[in-house]
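Let's take a short walk through this structure, one spot at a time. Keep the picture open while you read.

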Amino acid sequence: MPSVKTLIDHLKDEGTPLAIARLYWLSDLSDEEFARVAQAWLTLSPSRRRAIISHLVDISEENTEVDFGRVFRMALSDPDPEVRAMAIDGLWYEDHDLHLMRRFFELFEQDPAPEVRARAAIGLGRYFYNACIMEQIPLSAVQPAIEALRQAFYNPEEPLEVRRRALEALGNTLEPDLPQMIERAYMDPDERMRISAVFAMGRTGEARWTPYVMEALRSPSPAVRYEAVVAAGEIGIRQAVPLLERLIQEGDAEIQEAAIWALGEIGGPRAREILTGIAQGEDEDLAMLAEEALEELELLEGGETLMPLLELDLEAEEEEAEDWLMEWEREHLGLEELEGEEEKEDPDQEDRDHEQRNRR
């Protein structure tokens, strides 16, 4: 990699378009290199910073070998809300780092920009999935965030984008009132909220939503149909197979891709027949997608899995999560009795809490 000075000079040269190849240099920066980039970052114009982060998000989605994590985390504190929002998008692969989860929660609760709060809700949804569905991180680590998003959804004063993204994130939870929240959103006059309702239906994976999804598959809105296609695949709705075949034939590229994926998730003889026909067809792009879906179908019907068992230190994470939950309850709920109990049980707890906050 060329010198970091060369990189920074290029970033600062705002009269010259950004060279995508040079942006790869921002991957895996050393401590010293990152410090120099961070020092120069706010000397760049907001438009330049937006362009850089936007390109880094695109690169990271296409190339999993790059690591722009330090840059994205730095950008979470950028004074420009668009940069902060895109930085959250760039951290799409993070779903176990509890420190980052708390940063997302902080942004959701405190950021003045609705678009940032909405993106933070999406980021929190990944942690909800790992806690509530996969049980790979402690539930106590995400419980305060779940409650905050619930309150946001029910609050009519919240911006629509925040409310709908909160619902989408909550689709990854097992909240007892989630069905009522989804039904309420599905009846909303605003199509965007209805789209989020269908999204959340799919995330639950529950067959109870089959009538709603089947109805949404016939919606005149392409956006609603797209989410319904994905939901049909996530729930595994066999009745949807004929409609999915018809949607593939209609030719909307995004819906075609989603429908082919959904057939691979649903499975069954007819889905296999449709996918085999597409895989043998003349459209090379659709054929490749169909082959991938057939491979997934084989795995599902054969009872196999490509997911390795994760070796996680859940006991250590549980302790960390409980400590943070206690701290959050003190700050937000004013549990003075709880603090008194802590002092009786462990007089050194306050010092440890202070050190833990500093580490964060």
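Arg184 sits in helix H11 (residues 178–186); helices here are DSSP runs (H or I) of at least four residues, numbered from the N terminus. The model is a predicted one, where local features need pLDDT of at least 70, side-chain atom pairs count only at pLDDT 80 or more, and totals for chains, interfaces and linings use all residues. Residues are numbered from 1 along each chain as its sequence is written, and side-chain values use heavy atoms, leaving out hydrogens and water.

Leaving aside residues up to four places away in sequence, Arg184 touches Phe153 and Tyr154 (contact means heavy atoms within 4.5 Å). Arg194 is 10 residues apart from Arg184 along the chain, and their C-alpha atoms are separated by 9.0 Å.

How open are two of the residues? Buried means under 20% relative accessible area, exposed over 50%, and partly exposed in between (1.4 Å probe, protein chains only).

| Residue | Relative accessible area | Class |
|---|---|---|
| Arg184 | 44% | partly exposed |
| Tyr129 | 30% | partly exposed |

Tyr129 belongs to helix H8 (residues 114–133). So how does H8 lie against helix H6 (residues 81–90)? The two pack at an angle of about 10°, with their axes 9 Å apart; axes are lines fitted to C-alpha atoms over the stretch in contact, and angles run from 0 to 180 degrees between N-to-C directions. That makes H6 roughly parallel to H8, a label for angles under 35 degrees. Among the residues that meet are Pro81 and Arg84 in H6, and Glu115 and Val116 in H8.

How values were computed
Parallel < 35°, antiparallel > 145°, perpendicular 65-115°, else oblique.
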